[in-house]
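Thank you all for coming. I would like to take you through one model this morning, starting from a single residue and then stepping back to the whole chain.

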Amino acid sequence: MSIAFILFLYRYQQTIPKIKFYGPTNFQPIIQKTVDFAAPAHGSAAHKGSVYYVLLIVTDGAITDMAKTTDAIVAASHLPISIIIIGVGDADFSSMEALDGDGPHGIRNSRGERASRDIVQFVPYNQFRGNQACHPVCLSPSLLLLCVFLLVHFLVVMGSVFLLRPASACCPP
């Protein structure tokens with residue numbers, strides 16, 4: 001695990017008791033901002049397949065713009081974007097799990113259109129906090145592995161061809 005992540009966890013644990021969370025919790029604006037970055041890169045022949053965005057959202061509760069958020073997620077599902085939502089605290093995160101789209105029908109927008117792929121992953125932080133088998137130090141490598149999985153999934157779904165070569169084939173000894 002990286003020193004930066006350990007420092008992040010330390011600062012988080014020191015700071016969180018001093019913060020008062022409040023609503024509304026709207027995800028659509030930040031998802032749209034990420035789309036604004038990803039869309040031009042995805043449309044450019046020079047950058048196609050070479051740029052991928054991961055939006056990390058840390059939240060403490062239910063979102064207040066669910067319909068707009070699902071519309072934004074479905075619209076973004078063809079772009080090189082993944083969204084990882086980390087839920088902190090003891091709130092009801094059922095709306096986050098609904099955005100995760102892991103069910104048999106995925107996620108649908110307000111017009112009933114289905115996302116072209118699952119771009120949202122929800123991670124409850126409490127699953128890592130206070131759990132001996134899954135300690136917070138596991139969170140960083142778990143998220144990194146999740147990012148790799150999401151990138152490869154995007155490339156496969158979008159029909160991109162990529163070759164995995166052994167390091168010896170591309171790097172001199």
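In which strand does Ser82 lie? Ser82 lies in strand 2, where helices (H or I, at least four residues) and strands (E, at least two) are DSSP runs numbered from the N terminus. Please keep in mind that this is a predicted model, in which local features need pLDDT of at least 70, side-chain atom pairs count only at pLDDT 80 or more, and totals for chains, interfaces and linings use all residues. Residues are numbered from 1 along each chain as its sequence is written, and side-chain values use heavy atoms, with hydrogens and water left out.

Ser82 counts as buried at 0% relative accessibility, buried being under 20% relative accessible area, exposed over 50% and partly exposed in between, with a 1.4 Å probe and protein chains only. Leaving aside neighbours within four places in sequence, Ser82 is in contact (heavy atoms within 4.5 Å) with residues including Tyr52, Arg117 and Leu150.

Turning to aromatic rings, a search of the whole structure finds 1 aromatic pair. Phe93 and Phe122 form this pair, which is tilted, with 5.5 Å centre to centre and 40 degrees between the planes; rings of Phe, Tyr and Trp (its six-membered ring) pair if their centres lie within 6.5 Å, and planes under 30 degrees apart count as stacked, over 60 as edge-to-face and the rest as tilted. Phe93 is buried at 9% relative accessible area, and Phe122 is buried at 10%.

Stepping back, the protein has 6 helices and 3 strands, and buried residues make up 36% of its 173 residues.
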